Amino acid sequence: MSTTMTEQLKKGLEDVVAGTTSICTINPDNENLLYRGYSAVELSEKTNFEEVIHLLVEGRLPKKRELKRLTKLLIQERKLPKPLIKLLKNIPQTANPMDVLRTAVSYMGALDESKQLSIEDIKQLSYSIMAKLPFALMSWYHFSKNQDLPKVSKQLSYAGRFLQLVTGVEPDSFDEKVINASFILYAEHELNASTFCARVTASTLSDIYSAITSGIGTLKGPLHGGANEAAMNLILKFKDPQEAEAGIIDMLNRKEKIMGFGHRVYKRKDSRSDVMKKYSHELAVKKGNLKLFEIAERIEKTVKERKGLFSNADFYSALAYYLLGIPIPLDTPIFVLSRTSGWSAHIIEQLSDNKLIRPRAIYQGPPPREVPSIERR
Ligand code: COA
C-alpha cells in the first residue's frame with residue numbers, strides 16, 4: 001500500500017472531488033442549491049417541473065414552443081408497452097414500490113431493442129422513461145389493490161397529473177403548486193450517491209435503463225431517498241409536541257439517527273427544507289389541523305438545540321406529501337420520478353465526455369500466499 005494512497009483515502013468519499021459538471025452546484029457562500037446557475041428555490045416558485053426537466057436535460061430553460069413540445073411529448077409517451085402492463089399486474093401488493101420502479105425501468109430496457117444511440121436519442125429515451133414512470137408505478141399500485149387507474153386531466157402539469165393518479169381527485173391549484181415545487185426541489189443534487197451510481201454505470205457505456213436502475217437501487221436506502229418515509233413515520237409516532245420532544249431526546253441519548261436531519265454537503269441549512277416547511281404549514285392550515293405540523297416543528301427545534309442539526313429536504317417534504325393525501329410508501333418513489341431528470345442530465349453529461357469511472361482501494365486483506373490443496377484448507 002503506498003503512503004500517498006493512504007493519505008488520499010476519505011471514508012465514504014467525503015469531500016472527494018470526483019468529476020466536473022455544468023448541471024448543478026451548491027453555492028458555498030449561502031449554501032443555495034443551483035441548477036445550471038438558477039436557484040432551485042426560485043425555480044420552484046416560478047416554473048413548472050417540465051421547464052426544469054428541459055433545463056437539466058437540454059441545458060437551458062425552454063422557450064414557449066419548446067415547453068409546449070416537451071409537455072406534449074411527456075403526455076404522449078406515457079403509454080406503457082403491453083408486456084410491461086402484464087408484468088406490473090404480476091407484482092404483489094406487498095412489494096416495495098421502489099422495487100416496482102426499479103423492475104419497471106429494467107424491464108423497459110429489456111423491451112427496447114435500440115442500439116448505438118446518439119446523445120439526441122438518449123435525451124428522447126429519457127423523456128420517454130420520465131413520461132412512463134408515474135403510470136408504471138401507479139398502474140401497479142392500483143392494480144394490486146383491484147382498483148382502476150384514475151383518469152388524469154390533461155391540462156394539469158406533470159406533477160399535478162401524478163397527484164391525481166394517486167388520489168383520484170383533480171388537485172386544486174394550491175396542491176398542484178406544492179407537488180410541483182417538491183418535484184423541482186428533488187430534481188437534482190450534484191454527485192449525490194444515486195447520481196454518482198448512475199454516472200458510474202453510464203461510464204462503462206452501458207445503457208440509460210441500466211444507469212437509471214442503478215440510481216433507483218441507490219436512492220432506496222434510508223440514508224438517501226428513503227429518509228422521507230422514515231421521517232414521516234417518526235412524526236406519526238408522537239401524539240403531541242411534548243411527547244415528540246421527550247422522544248427525540250431519548251433517541252439522541254441512545255445515539256439513534258433522526259431521519260430527515262443532517263447532510264453530507266450542507267453545513268448550515270438545506271434551503272429546500274424552508275420551502276417545504278412553508279408549504280406543509282399552509283397545507284395544515286388549509287386542512288384546519290395543525291397537530292402534525294406542530295409535532296414536526298418541535299422535532300426540528302429539539303434536534304437543532306440538542307444536536308445542532310437542521311432539517312434536510314426530506315423532513316418537511318414527507319409531511320407535505322402526507323397532508324396532500326399521498327400514502328407514505330410512495331414518498332421515496334416520488335423522489336425517483338423527480339430525480340430521473342437529474343440522473344438523465346448526468347448520464348448525458350457523462351457520455352458527452354466519457355472516461356470510465358474506476359477508483360482504487362487500499363488493500364487490507366492477507367499478504368500474497370499460495371493456494372493450498374483442498375485437504376490442507
Ligand atoms: N441524527 C442524529 N445524529 C446525526 C444525524 C441525524 N440525522 N446525522 C448526522 N448525525 C451525527 C452522527 O451520529 C455523527 O455523530 P458523531 O460524530 O457523534 O458520531 C455525526 O453527526 C456525523 O454523521 P455521519 O452520519 O457520519 O455524517 P455523514 O456525512 O456520513 O452523513 C447523512 C450524512 C445524511 C447520511 C446523515 O446526516 C444521516 O444519516 N441523516 C439521516 C438520514 C437522512 O435524512 N438522509 C437524507 C439526506 S438528504
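Arg36 lies in the loop between β2 (33-35) and β3 (38-39), where helices (H or I, at least four residues) and strands (E, at least two) are DSSP runs numbered from the N terminus. Its phi is near 45°, a positive value in a residue other than glycine. At 25% relative accessibility, Arg36 counts as partly exposed; buried means under 20% relative accessible area, exposed over 50%, and partly exposed in between, with a 1.4 Å probe and protein chains only. The model is predicted, so local features need pLDDT of at least 70 and side-chain atom pairs count only at pLDDT 80 or more, while totals for chains, interfaces and linings use all residues. Residues are numbered from 1 along each chain as its sequence is written, and side-chain values use heavy atoms, with hydrogens and water left out.

Asp15 also has a positive phi, near 60°. Its place is the loop between α1 (3-8) and β1 (24-26), and at 62% relative accessibility Asp15 is exposed. Most residues other than glycine have a negative phi.

**Helix packing**

Helix α10 (residues 193-203) has buried residues at Ser194, Thr195, Ala198, Arg199, Thr201, Ala202 and Ser203. These buried residues pack against α11 (208-219) and α17. Leu205, which follows α10, has a positive phi near 70°.

Helix α17 (residues 331-352) also packs with helix α6 (residues 97-111), at an angle of about 30° and with their axes 8 Å apart. Because of that angle, α6 is roughly parallel to α17. Axes are lines fitted to C-alpha atoms, for helices over the stretch in contact, and angles run from 0 to 180 degrees between N-to-C directions; angles under 35 degrees count as roughly parallel, over 145 as roughly antiparallel, 65 to 115 as roughly perpendicular and the rest as oblique. Pro97, Met98 and Leu101 of α6 meet Thr332, Pro333, Val336 and Leu337 of α17, contact meaning heavy atoms within 4.5 Å. The residues of this contact divide into 6 nonpolar, 1 polar and no charged. Here Ala, Val, Leu, Ile, Met, Phe, Trp, Tyr, Cys and Pro count as nonpolar, Asp, Glu, Lys and Arg as charged, and the others, Gly among them, as polar.

Ser280 is found in helix α14 (residues 271-287) and is buried, with a relative accessible area of 0%. Leaving aside neighbours within four places in sequence, Ser280 is in contact with Phe293, Tyr316, Leu319, Ala320 and Leu323.

**Pocket and cavity**

On a 1 Å grid over the protein atoms alone, a cavity is a set of points where a 1.4 Å probe fits but cannot get out, and a pocket is an open set with protein on both sides within 12 Å along at least five of seven lines; lining residues have an atom within 4 Å of a point. Grid points are joined across faces, edges and corners, and a volume is the space filled by probe spheres set on the points.

| Space | Volume | Lining by class |
|---|---|---|
| Second largest pocket | about 310 Å³ | 7 nonpolar, 1 polar and 4 charged residues |
| Largest cavity | about 50 Å³ | 7 nonpolar, no polar and 2 charged residues |

The lining of the second largest pocket includes Arg78, Phe135, Phe143 and Lys151. The elements giving two or more residues to this lining are α5 (82-89) and α7 (119-143), and α7 supplies the largest share, 3 residues.

A search of the whole structure finds 1 cavity of 30 Å³ or more. Among the residues lining the largest cavity are Arg78, Phe135, Tyr158 and Arg161. Here α4 (64-76), α7 and α8 (158-167) each give two or more residues.
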